[in-house]
Amino acid sequence: MFRNQYDTDVTTWSPTGRLFQVEYAMEAVKQGSAAIGLRSRSHVVLACVNKAQSELSSHQRKIFKVDDHIGVAIAGLTADGRVLSRYMRSESINHSFTYESPLSVGRLVVRLADKAQVCTQRSWKRPYGVGLLVGGLDESGAHLYYNCPSGNYFEYQAFAIGSRSQAAKTYLERRYESFQESSREDLIKDAIMAIRETLQGETLKSSLCTVSVLGLEEPFHFLDQESIQKVIDTFEKVPEEEEDAGEGEAEPEAAPVAAGTGEQGGSGDQDVAPMEM
Amino acid sequence: MTKQHANWSPYDNNGGTCVAIAGSDYCVIAADTRMSTGYSILSRDYSKIHKLADKAVLSSSGFQADVKALQKVLKSRHLIYQHQHNKQMSCPAMAQLLSNTLYFKRFFPYYAFNVLGGLDEEGKGCVFTYDAVGSYERVGYGAQGSGSTLIMPFLDNQLKSPSPLLLPKQDSNTPLSEAEAVDLVKTVFASATERDIYTGDKLEIMILKADGIKTELMDLRKD
């Protein structure tokens, strides 16, 4: 995208019917470190890469518990994400207080989306620069939604956002048909493997990723480092051995990963509105 | 022209008694399960004890609709606390929150007479006793409700803690063992049930310790 005379205000349309400020906000999401969500019939797994500003600092928290039955993973401006998580928690608590029952995920994401939309139609505001993967369980089953800065939201079986998320998406696209009936353990494994895709060659360690699970009879919680490492150990070999056929999983991943990176650097055409995130 | 008065009251008293005793590493919270209105019984099996946090349990007698509303507010506030601090509220923290919540409605109070029991940050038992508008004090034992006037003097006789005005400050905890405390609670309730018409049916006892909460149910006279 290039600068143009219609991109200063969020309340200015371009002649081709685009709101550039909103699109720029979506760019901010692509800059954040990756976050991944997958769901089965009974569980939702949210995972993210722990990227620290520098070697000296700790990494920012990107996955938040909203309630026992809802969690959210963010990518982009984490400060905006924190504020929206607080809003979601507040909505969930107020709903429980009034109706003595947990807030449905679908209702929550609509409120979130409407809140985001407001920022695209006020001259004194700016859009939230964060994408949210909202995963939760309610009466109608397990759900995974993606909320855009634009105010749109979509439901997914599996999705990835943030930098190098295309690699993860490619992996998920190949495997998503099996997710609905997946077991909890397989779902977690797939999430971690999707995370690995975004790391592109860097050795996958449990310290590099955060994984959270929620499901029937299982309130939202984070997996501890040990559990994550155990899953990693089942498929990740020590670096020297990766060149051999090993588990067989390392090899097929290499090809789509290479194809994925090509797309990350460039952006869409000037005239095509990037409606798809 | 004399001032017109309302011919209805927003409050009702559902009766019942609540007691709590703090030990060196435990806390016993007990309440009867009778809920009444006037001279009628509404339920013989209504729990007046509510767990607010892992280490804080609230027992309230008075107007149960207000008690329920109060519990809901505290539960929501506790959730917010957990989100912000990533941990459960301690009993002394909950005690302060309860006090503030009650005073917040100073001019239309919760008709709730509370006893908060739990473990403090050192793992010792603690009991906090309240009035309807939030005045509270940490004590070694407490009783509230319709049978409190019958029970409190007896607890004083058995457990009297040294006065808080004494110097040097002395421990407000009772030197009872857990079994002795539970036994004492059963005794006082059995006695209160004899003379207080609003206390009876069943006694619910919650024993709070560092490793968890145990609940016991004992029958009381049903008349």
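Is Arg39(A) buried or exposed, and what is its relative accessible area? I found Arg39(A) buried, at 13%; buried means under 20% relative accessible area, exposed over 50%, and partly exposed in between (1.4 Å probe, protein chains only).

I noted that this is a predicted model, in which local features need pLDDT of at least 70 and side-chain atom pairs count only at pLDDT 80 or more, while totals for chains, interfaces and linings use all residues. Residues are numbered from 1 along each chain as its sequence is written, chains are lettered from A in the order in which they are written, and side-chain values use heavy atoms, without hydrogens and water.

**Salt bridges**

I looked up the partner of Arg39(A) and found a salt bridge to Glu155(A), at 3.8 Å from N to O. The term requires a side-chain nitrogen of Lys or Arg within 4 Å of a carboxyl oxygen of Asp or Glu. Arg39(A) belongs to strand 1 and Glu155(A) to strand 7 of chain A, so the pair ties together parts 116 residues apart in sequence; strands (E, at least two residues) and helices (H or I, at least four) are DSSP runs, numbered from the N terminus. Glu155(A) is partly exposed, at 38%.

Asp120(B) is buried at 11%, whereas Arg138(B) is partly exposed at 31%.

**Nonpolar core**

I then turned to the largest nonpolar core, which has 30 residues. Such a core is a set of buried Ala, Val, Leu, Ile, Met, Phe, Trp, Tyr and Cys residues joined through side-chain atoms within 4.5 Å. Helix 5 of chain A gives the most to the largest core, with eight residues.
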